[in-house]
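Here is a short briefing to read with the sequence and the 3D view side by side. Take the topics in turn and find each residue as you go.

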Amino acid sequence: MKAIGPSFGKLRILGHHPSAAERPPYCPRALCVCWSKMAQTPINTNWQDLDEEVQQAQKMLDVMEQQIVRPGHTTKARNKRRRVEPTVKWVERDACGYRIQDNSKPLRRESVPRMPLVPEMQSTARADESCFDPSIKGPSNEEMLDVLRQEMEELISDALLDDPEVRTIPNIASVDWAIRKSKSLERWKELRPDLIQYMLKAENTVQTLCSYCRNKKAVLRCQDCLPKQYYCEDCDLSFHAVFVLHNRDSMVDGFFMPIPPTTVIKFASDGKLIYEEKDCKLPVPVPERICACAAAAAATASIGKRVILITVNGRYSMYLPVLNCTFCGNSWSPNSSDLIQNGYWPASVSYETIYSMDLFSMFEDMKVIAPAMSLQAFTRTLERRTSHFGRVGKICDSTFQRSYLEWNYCRFEIDQLCHVQHFKCPACMPNMLAVSVDGNRKHYRFKKGTDEKGFYDGCLLAKDEEVSSFVDYIHKTTKHVSGKGKCGASQWAAAKESSKKSTSKIDEEGLEVAVCRHGIILKALNMFQGEIFAYPLFLQKEIAVNKVKFFCSDVVCRYWPYLQKVVNVCPELSHLQDMKPFLSIMHAKAHASKCEIKWGGRNQQGAGTTLGEEVEQVNSFLSKTAICLKQMSKSVRTDMLTIQVIGWNGRKRDNMHCALSQRYRKTVARAKEQAEKVERLQEEFGIGKDILETWTLDIQQWANTASGAETALGPEGLQQKIEGLFLSIKQRKQQLYSQTDRNKRRHHLRRKMQEDKKKLAAAVEEYNNFVLDDQKICTMDTILSSESHTWPWELHGLGGSVDLYSKKRVFDEVMMMRRLQEEESILLMEIKQHWDSLRAYSQALKQLATQLCQDLSSQSGDLGEMDAKRGLLCFVRKRQSYFKNHLHIVRAKYLGGMHQDVSPLEDDLDDFSCDSSHYSDTDEEEVDD
């Protein structure tokens, strides 16, 4: 440890040595003696002692500043002078004493506090030359302060740098994302030059021997034959005569050049390597015998007609293999059955073009994950891969599309044989809680092509003839007025009873979609006249068989009176009124306050935390699909949309157990928090449960009676109007920044607030003209300036002491608490229904497998039909195996992953572990081939 004594040796010769009587109030000699005494003891690196030393040094600097007197200032004036506090800044120095510049940006979150390293003291005190004898020459007081300050910084810096506890900086990269990201970028930056070198090294054609014969020099590399990828010309010809789809690179010219399967490398007569073309056969197995001739080698192999093979790696030029019998003259070539059995799909009946089925599977997944990607972009990608591997050729879009639709519809028919329900929600059956219906105007289609029916006509999209006849029946039976519906100050384009068809070149103007509360699309139809009420009425009629409890819509406050009028003249639709109206949660924010309270989903008993906005989430997906569908023909649009919806619903069904268990955990936690929040509100207002219930009833009564009271002339109608406008302005002001993140939406809210303020000012003025002076209310600005306002009338509250805004605040929290409590029981019911649906489907697969075994045992049918039934049996067993594993995962998720009491389900769930025989095929009859 370094002592401070020698470093202050030079200070002892600064200044003179006056006597005690002659010594001025400030004397450098006294400071030097003081520092010399301090220098005799080494610095202790203990933090407590170090802090005391710093405090002593700071006191000495304060004394020095107080003793400096400016010329012409007296001691009394000096004492009255305002004291300037020294500024302390902590800096970091290296082992050599130099300051370390910190150019890094401050982190948003500091997980571990850092300890200060080096204090840097700055003082604004100025020295006074009048304190010294003018005959003595030496440094000024200001210079003396600089010397002392510099020495003290060096000493403290040396002491801190020698302390291992201070030098150790904690590593917080494991808990701070910004540091981890920065370190990852630094490591990549350091590795980048090496990566470039590695890439260049990989392009070097190293002279090596053939990986198989180990005798000749390799002339090409195969990218699909790892780890033995180098071949000589002979081994390449023998090996890749079978594996013709491998991607090879030639090394003859001193670099890797992609070559197609039809190109081989051979030695010329002059000893040079040359390229030659050959005919490649389509890789399909050939039969051992094609006839009953006794000679085993009677059949000779040759090439047949030329075909185009398209896989995920692009286009290939191939020939079909042909076998000919030299004795009887019979021949064999692969037909459609042979192609499909080996993973190929013919593009036409004559199959000049063939596709691999894994290419269709990849395209199907892509259209679900990235629905906005077009077919043209996909085929262009395949063409790029074709040229990347040294091949040439174009890929026809229309041929690919037709083949893909044929392949997908065949799979759909097989799913129907296996009782797969693509447009049913397993968690909502048999009792469905809510259905959300809304239109999507982005799904318009231009008039193009013929009006032929698609493969999936009537599966997802209702048949246009049925919808048109229903709409005409409703319009003829009832008399409705076209136009836009209004709710308060809001005008809704969707709230129409009738509308004219567009006169543009558009055929379908959009879609009307019905979605369950888990996001599964149940039914849809094409719109031809805008978003009229007859379209959701048709969907409501179609889904009524599912025992739906709530019907959700963004304009249900206008739709439900329309439904009541229709039922009066169409009694066969009276069962639709068994559903309860439900105004979507987010759309209710834009409706009038009274409408939100009366129709809003948050205030409907038994609805739980259903949003009613699930159809908006689905529309986000459907709007992306609309980018590619608007230019298609009617049939192709129907088929492509149905395929994409099937993929969407499949993803939702596969993740249903995760969604329900996660939602249950969050609901339980939120219910506890909301109950505590309601208790805090009770303490804030000093009320009990009885008054809480009274306030809730007051708000509901106000919402039910306000509409008629406002239209009536007199003070009562104005009172209701003033309260409603005040509540609307306060709520919009609260939503301005808490629930809005776009300036466009904020501008809309501000405009609505300005309109309501003008109405409120006019209503206040009109009300004051009706009543006496002692009953008049304040101006609009005074009312809005307060957080809550107490009205002079006693229409609401006890003795007029509580305003409507406070009651509405309590009402919202109470409704949220009740909905969360309901959601717990609703989720448990849906979990049970989901489990029952899975088990019921497993039992249906078991019965289907048993029936197929019985049919095969009876040997009824021709040979082709029997082979098809055997294939269906294998397919059913495959699905049984999948559902066996899936049920284990679902059961583990529900019982273990929820971390909650699910005792109502344990009996049903335990039945699965005790009875798993329906997954075994040991009880099935053996099929005698």
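How many residues lie between β17 and β18 in their hairpin, and which residue in the turn has a positive phi? Four residues separate the two strands, and the turn residue is Gly519, with a phi of about 85°. Keep in mind that this is a predicted model.

- Strands of a sheet pair through backbone hydrogen bonds, in a parallel or an antiparallel way.
- β17 and β18 run antiparallel and are joined by six bridges.
- Gly510 has Met527 in β18 as its bridge partner.
- β14 (residues 434–440) and β19 (residues 550–553) pair in the parallel sense, over three bridges.
- Ala434 is placed opposite Phe550 in β19.
- Is β18 enclosed or open to the outside? Seven of its seven residues are buried, so β18 is largely enclosed by the rest of the structure.

**Helices across the sheet**

**Aromatic rings**

- A pair of aromatic rings is described by two values: the distance of the centres and the angle of the planes.
- The whole structure has 30 aromatic pairs.
- One of them is Tyr559 with Tyr562, a tilted pair with 6.1 Å centre to centre and 40° between the planes.
- Why are these two tyrosines about one helical turn apart? Tyr559 and Tyr562 are three residues apart in helix α14, so about one helical turn separates them.
- Tyr559 and Tyr562 are both buried.
- Phe685 and Trp695 form an edge-to-face pair, with 5.7 Å centre to centre and 85° between the planes.
- This pair links helix α19 (residues 656–685), which holds Phe685, to helix α20 (residues 689–711), which holds Trp695. The two residues are ten residues apart.
- Phe685 is partly exposed because its relative accessible area is 26%.
- Trp695 counts as buried because its relative accessibility is 5%.
- Ring pairs also link a cluster of Tyr355, Phe360, Phe363, Phe378, Phe400, Tyr404 and Trp407.

**Charges over rings**

- Lys305 has its charged end over the ring of Tyr351, 4.7 Å from the ring centre.
- Arg391 has its charged end over the ring of Tyr316, 3.8 Å from the ring centre.

**Cysteines**

- A disulfide is a covalent bond between the sulfur atoms of two cysteines.
- How many disulfides are counted here? The count is zero.
- Cys516 is in no disulfide, and its nearest cysteine sulfur, that of Cys425, is 3.7 Å away. A disulfide would need the sulfur atoms within 2.5 Å.
- Cys516 counts as buried because its relative accessibility is 0%.
- Cys459 counts as partly exposed, because its relative accessibility is 26%.

- Leu323 is in strand β10 (residues 314–325). Its relative accessibility is 10%, so Leu323 counts as buried.
- Thr300 is 23 residues from Leu323 along the chain, yet their C-alpha atoms are separated by 5.5 Å.
- Beyond its neighbours within four places in sequence, Leu323 is in contact with several residues, including Val286, Ile290, Thr300 and Trp332.
- Where does Ser211 lie? Ser211 is in the loop between α6 (177–202) and β3 (220–222).
- Is Ser211 buried or exposed? Ser211 counts as buried because its relative accessibility is 16%, and the cut-off for buried is under 20%.
- Neighbours within four places in sequence aside, Ser211 is in contact with Lys228, Gln229 and Tyr230.

How values were computed: Residues numbered from 1 in each chain as written. Predicted model: local features only at pLDDT ≥ 70, side-chain atom pairs only at ≥ 80, totals over all residues. Heavy atoms only, no water. Buried < 20%, exposed > 50% of the residue type's maximum accessible area, 1.4 Å probe, protein only. Contact = heavy atoms within 4.5 Å. Pairing = 2+ DSSP bridges. Phe/Tyr/Trp six-rings, centres within 6.5 Å; stacked < 30°, edge-to-face > 60°. Lys NZ or Arg CZ within 6 Å of the ring centre and 35° of its normal.
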